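Here is a brief report on selected packing and pairing features. Have the sequence and the structure open while reading.

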Amino acid sequence: GPYVGTMLRITDVQTAMLDAVDRFHQTNPLEKGMTRESLRLEVQLDRGIFDAVLSEAPGFDVVGPLVRRAGYRIVLDPERQRRADAYLEQLRQAEFQPPTPEEAGVEPDLIRAMAHLGTIVELGDGIVFLPKHVTAAQEALIFELSQHESVSLAEFRDRLGTTRRYAQALLEYFDRQGVTRRVGDRRVARRPIELQEDAAKL
């Protein structure tokens, strides 16, 4: 029959949920939050009941599939911050040919944390860029498309002075972001260039 919960029971469940999320943050300090499904299994509730209790529970931020303590944000300890800063400096100097985390000896959980914090952009296949270099690459791409109807991988590679691997990763990222779409072996603008130039300045 329909679930009828006493206030005491709901309070107990909310407390258990807070405890579970706190434990998750303590043991996974580089993660943005706990998945809703992991939390549901932890407190052993049916999905409908869980969703109802979570929607009313104070003290949480629910962001997509993740649940975290309200106001929680990742903070790197001094040693991780030192490694992160060193890698950011390598990325700054390398511009459009950045060393992968593996090449730089940076562990995956730190890379995820840096991406969550917005200090790097993950493009996939282990390739990461500084946000400002992604923006510069997008501006270069938009400029090329304002001069020509389409751009090839080789043309974009030469424009950035990089290698095929990095140019392809950037173009595929811009495809996913809705900046471009692939037509054969070339890219065309998905939206009028004037709109994209305005968006790139924001």
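Which residues does Glu31 touch, not counting residues up to four places away in sequence? They are Phe24, Tyr72, Ile74, Arg112 and His116. The model is a predicted one. Glu31 sits in the loop between helix H1 (7-27) and strand E1 (34-35). One of the residues it touches, Arg112, also makes a polar contact with Glu31, side chain to side chain, at 2.7 Å.

**Helix packing**

Helices H7 and H9 pack against each other at about 80°, and their axes lie 11 Å apart. Angles of 65 to 115 degrees count as roughly perpendicular, so H7 is roughly perpendicular to H9. The two sides of the contact are listed below.

| Helix | Residues | Contact residues |
|---|---|---|
| H7 | 131-147 | Val134, Ala137, Gln138, Leu141 |
| H9 | 164-176 | Leu170, Leu171, Tyr173, Phe174 |

By class, the residues of this contact are seven nonpolar and one polar, with no charged residue.

**Sheet**

An open sheet is built from three strands, ordered E6-E8-E7, with antiparallel pairing. Strands E6 (151-152) and E7 (180-183) are at the edges. Each has a single partner strand, so one side of each is left without a neighbour in the sheet. Strand E8 (residues 186-189) runs antiparallel to E7, and four bridges join the two.

Note on methods: Residues are numbered from 1 along each chain as its sequence is written. This is a predicted model: local features need pLDDT of at least 70, side-chain atom pairs count only at pLDDT 80 or more; totals for chains, interfaces and linings use all residues. Side-chain values use heavy atoms; hydrogens and water are left out. Axes are lines fitted to C-alpha atoms, for helices over the stretch in contact, and angles run from 0 to 180 degrees between N-to-C directions. Angles under 35 degrees count as roughly parallel, over 145 as roughly antiparallel, 65 to 115 as roughly perpendicular and the rest as oblique. Contact means heavy atoms within 4.5 Å. Ala, Val, Leu, Ile, Met, Phe, Trp, Tyr, Cys and Pro count as nonpolar, Asp, Glu, Lys and Arg as charged, and the others, Gly among them, as polar. Two strands pair if DSSP finds at least two bridges between them. A polar contact is a pair of N or O atoms within 3.5 Å; within protein, one must be able to donate a hydrogen and the other to accept it, and residues adjacent in sequence count only if both atoms are side-chain atoms.
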